[in-house]
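Hi everyone, thanks for coming.

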Amino acid sequence: MKIISLVTIICCFSLIFDANAQTEYPPRIDEAKEITYKTVDGTSLNLWIFTPEKHKSTNSAPAIIFFFGGGWNTGSPTQFVKHCEYLSARGMVAIVADYRVKSRHGVPPNVCVSDAKSAIRWVRENASELGVDSNRLAAGGGSAGGHLAAACATLPKFDDVNENKSISSKPNALVLFNPALVLAITDDFEKALNEKIGGLVERMGPKPEDMSPYHNVVGKLPPTIIFHGTGDNTVPFISAELFTKKMHKFGNKCTLVAYQGEPHGFFNYGKSSNAVFIDTVNKMDKFLVSLGYLKAPPKTFIYNN
């Protein structure tokens, strides 16, 4: 079966799609197994786990965990349900994660990072029970959720002090959709963009440099793919360009896929007749195939007799 055919089938799973699903909270995701990975201040934070058909705990499948967007203020894990349905159909264990946000829990973004690291650490710690390969654990997300995935790979701070730090909270690969990657002033930004970032200082909580993946790029970071629209007025496209260039400078593998004129959130299921959703999912698939996380589909050819 061709990849695009499989994506199209996944898109048709729900003929009646709730347009408000991405902001639904608390989420209801009946098709996945719900597990609490962390309880803090009376709040249970959950994962919803999608497994391949006939998956067993004795397997050692690659896995990916997605973090929703919403400016560290709102949002719902349902945002990446369609991505998880697709990837579980392709053989990965695919997970959407909840985390605390300002509107519901009154927390700053560094707490969001802490929860994201906890989620990755929990999956890695429980890999044998989940049938997951702990060395093939990717992280993904959109906007602020993309920041969280990248933050888990780059930021040395904000691990939960109550957890076992000998178990790594760093993902082995990154799949990022219009992610917030530059959260502190940089000489590479024009004055107007630096002024916009300067307004994040109070919102961030800790020092912006400590929260900015771009400012914490080093060598030996996970292979990364970034999907970003050039018409994004929320997270400027140049921020993805700068991050990609810095990743290359340090010898890291990073691919930036640009979508001409597309705005923020262009990749989400249900937009533009799902044309861009399908395209980004296909390219995500090829990236994961290149890492050995997915099997390549059979080669096709056109035969005329």
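I'll talk about strands, the nonpolar cores, aromatic rings and charged pairs.

A quick word on the ground rules. This is a predicted model, where local features need pLDDT of at least 70 and side-chain atom pairs count only at pLDDT 80 or more, while totals for chains, interfaces and linings use all residues. Residues are numbered from 1 along each chain as its sequence is written, and side-chain values use heavy atoms, with hydrogens and water left out.

Let's begin with strand β4, residues 93-97. How many of the residues in β4 are buried? Five of its five residues are, so the strand is mostly covered. Buried means under 20% relative accessible area, exposed means over 50%, and partly exposed is in between, using a 1.4 Å probe and protein chains only. Val 93, Ile 95 and Ala 97 point one way from β4, with Ala 94 and Val 96 pointing the other way.

Now look at the neighbours of β4. Two strands pair if DSSP finds at least two bridges between them. Strand β2, residues 43-50, runs antiparallel to β4 and is joined to it by four bridges. Strand β3 runs parallel to β4, with five bridges between them. Find Ala 94 in β4: Phe 50 is its bridge partner, and Ile 64 also stands opposite Ala 94.

On to the cores. By a nonpolar core I mean a set of buried Ala, Val, Leu, Ile, Met, Phe, Trp, Tyr and Cys residues joined through side-chain atoms within 4.5 Å. The largest one has 55 residues, and those touching the most other members are Leu 47, Ile 65, Phe 67, Tyr 99, Val 123, Leu 148 and Phe 243. Take Ile 65 as an example. Leaving aside residues up to four places away in sequence, Ile 65 touches a list of residues including Leu 47, Ile 95, Ala 97, Ile 120 and Val 123; contact here means heavy atoms within 4.5 Å.

Rings of Phe, Tyr and Trp (its six-membered ring) pair if their centres lie within 6.5 Å; planes under 30 degrees apart count as stacked, over 60 as edge-to-face, and the rest as tilted. How many aromatic pairs does a search of the whole structure find? The search finds 10. Phe 66 and Phe 80 are a stacked pair, because their ring centres are 4.8 Å apart and their planes are at 5°. This pair links distant parts of the chain, with Phe 66 in strand β3 (residues 61-67) and Phe 80 in the loop between β3 and α2 (81-89), 14 residues apart. Both Phe 66 and Phe 80 are buried. Tyr 259 and Phe 266 make a tilted pair, at 5.1 Å centre to centre and 45° between the planes.

The charged end of Lys 82 sits over Tyr 269, 5.2 Å from the ring centre, and Lys 246 lies over the face of Tyr 214 at 4.4 Å.

Last, salt bridges. Side chains of opposite charge can pair when their charged atoms come close. The cut-off for a salt bridge is a side-chain nitrogen of Lys or Arg within 4 Å of a carboxyl oxygen of Asp or Glu. The whole structure has 13 of them.

Lys 38 is in strand β1 (residues 33-40) and Asp 115 in helix α4 (residues 109-125), 77 residues apart.

Compare Arg 28 and Asp 30, whose closest N and O atoms are 3.1 Å apart. Arg 28 is exposed at 63%, and Asp 30 is exposed at 57%.

Finally, Lys 283 and Asp 279 form a salt bridge at 2.8 Å. Both lie in helix α11 (residues 275-290), four residues apart, about one turn of the helix. Salt bridges that share partners also join Lys 38, Asp 41, Arg 100, Asp 115 and Asp 160 into one network.

Definitions and conventions: Helices (H or I, at least four residues) and strands (E, at least two) are DSSP runs, numbered from the N terminus. A charge sits over a ring if NZ of Lys or CZ of Arg is within 6 Å of the ring centre and within 35 degrees of the ring normal.
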